[in-house]
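Good morning, colleagues. Please look at the structure on the screen while I take you through a few of its features.

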Amino acid sequence: MPKLENLDDVSYSELMRRSVSEIPQLCPEWTDFNAHDPGITFLEMLMWLTEMQRYYLSQITEDHLESYLHLIGTTARKAEPSVILARFSSEENISIKKKTVFNIGDIPYRTVDDMIIAPDKPEITLTENGGILIKQFLTPFKGKNLPLYFSLNDEKNINPIRDGFYSQSEIKVRLITQNDEVDCPVRDDTYGLCQSGFITVRLPEEFDEDTAALRLELISENKPELPSESCFHSDIRMLVQMDKEGNTLGAGGIVKENFEFSADIEGQKIYVSVYRELATGKNSETPQDAFNRFKSEQRRMPRAVNKEDYVRIAVEAPGVCAELVNVFSKEPGKVSVCIKTADGKLSESETKNLRKVLFEAKPVGTEIEILTPVIFSAKLFVSAKTDGWAGIRKLTEHIANIFASIEKRMGGFINMPDLFKQIGSSPNVTEMKGMRLRLGKGIELNENDTFKLPEDGLLSLNEIVIQ
């Protein structure tokens, strides 16, 4: 008998406690949770059935577990190969067929597409009109795919974009010659240079190769910020850890970056170095592993019940970089999600992605409102005696550190008496006389006042004046 996890680990009383605790969020008008309430009686029956089902489920063997996995729509995952990027170089144009196997040490990797390795490197320049010009000998790629790998060196901390979500920009590629310009089909895994990936361009069958060049145009709702020329690579390709028969080594397929080797392709020498690992291989799952994974995925289902759920879903939204999130409700049935991004505003694509994940997660009948914070640009006046200019500088740094935590809270509470004491406790202050905080919007606080920012309000301390 294999060792199985005990599924009967929650008592009837705990199931009831959890169920009753969710009632206020799911049904605010239900206020009577006593035993005489018919709804509670019905809930007690359901929890009794649930507790019995958990008991019976805990008795199953591994064979039964496999059948149960099939019933809930999942199976144990097979081994997954590791995926790496490798940099290729050669002294001549070399064609490599799909599924060609390279042995990196003792680990077989194979190509996923037909490849052409050219000895010449592209000349890449940024144009004044916001484009990227690529000059390269394109003859070997006539009627074929030319892959360019884009490496985002300074990662922007944006959540990876997936299929079905929106990007802030898109790439269009044109083949330009002396007398003509042609649009080229492109598959863009970078989603408009938002993340690292391949930009695969399909070239025409015929063109004037002597004057041909490629121009990448970044189409964006905002003024696009072009990356440096060093982000584009024409010699990087993807390899998948599998042998000729398609077998995978699972977690055994790990190679080190910068590992170098050479190979002969039809009598021609090719040089390869491991550039980066994209995915680490995984071994096959046991039925118990699959069941544990399924339970974990169910706990992470994108549903929103409380404030923490909404915050988590907003923070994990594809294509969004949320620095601060506050969730609040001013009226029944309406949830406001206020998000601060790095540039202080939400683009149209970011808003669409947030709407997609939040609207899919919200309970039926709930209205979602997506906001950006209202910034209260503050100026602080401190009347204090310090030890000369050095004391003023250190006191300014001390005040900035105190306000740093307030600036990270939307809807925060400003307690001026407490701030007055904290600032006065600095060793650089010999006498604390007074303090004023000017918030703008006609609001000014002295050292005796308190103020609650609105739920979508965010303090930004722009200036400190020591008098």
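Predicted model: local features only at pLDDT ≥ 70, side-chain atom pairs only at ≥ 80, totals over all residues.

In helix 1, Tyr12, Leu15, Met16, Ser19, Val20 and Ile23 meet Ile40, Leu43, Glu44, Met47, Trp48, Thr50, Glu51 and Arg54 of helix 2; contact here means heavy atoms within 4.5 Å, and helices are DSSP runs of H or I with at least four residues, numbered from the N terminus. By class, this contact has 9 nonpolar, 2 polar and 3 charged residues, where Ala, Val, Leu, Ile, Met, Phe, Trp, Tyr, Cys and Pro count as nonpolar, Asp, Glu, Lys and Arg as charged, and the others, Gly among them, as polar.

Residues are numbered from 1 along each chain as its sequence is written, and side-chain values use heavy atoms, with hydrogens and water left out.

How do the two helices pack? Helix 1 (residues 12-26) and helix 2 (residues 38-57) pack at an angle of about 135°, and their axes lie 9 Å apart; the axes are lines fitted to C-alpha atoms over the stretch in contact, with angles from 0 to 180 degrees between N-to-C directions. Helix 1 is therefore oblique to helix 2, as angles under 35 degrees count as roughly parallel, over 145 as roughly antiparallel, 65 to 115 as roughly perpendicular and the rest as oblique.

Finally, Asp387 is found in the loop between strand 21 (374-386) and helix 7 (388-406), strands being DSSP runs of E with at least two residues. Not counting residues up to four places away in sequence, Asp387 touches Pro427, Asn428 and Thr430. Asp387 and Glu407 are 20 residues apart in sequence and 28 Å apart in space, C-alpha to C-alpha.
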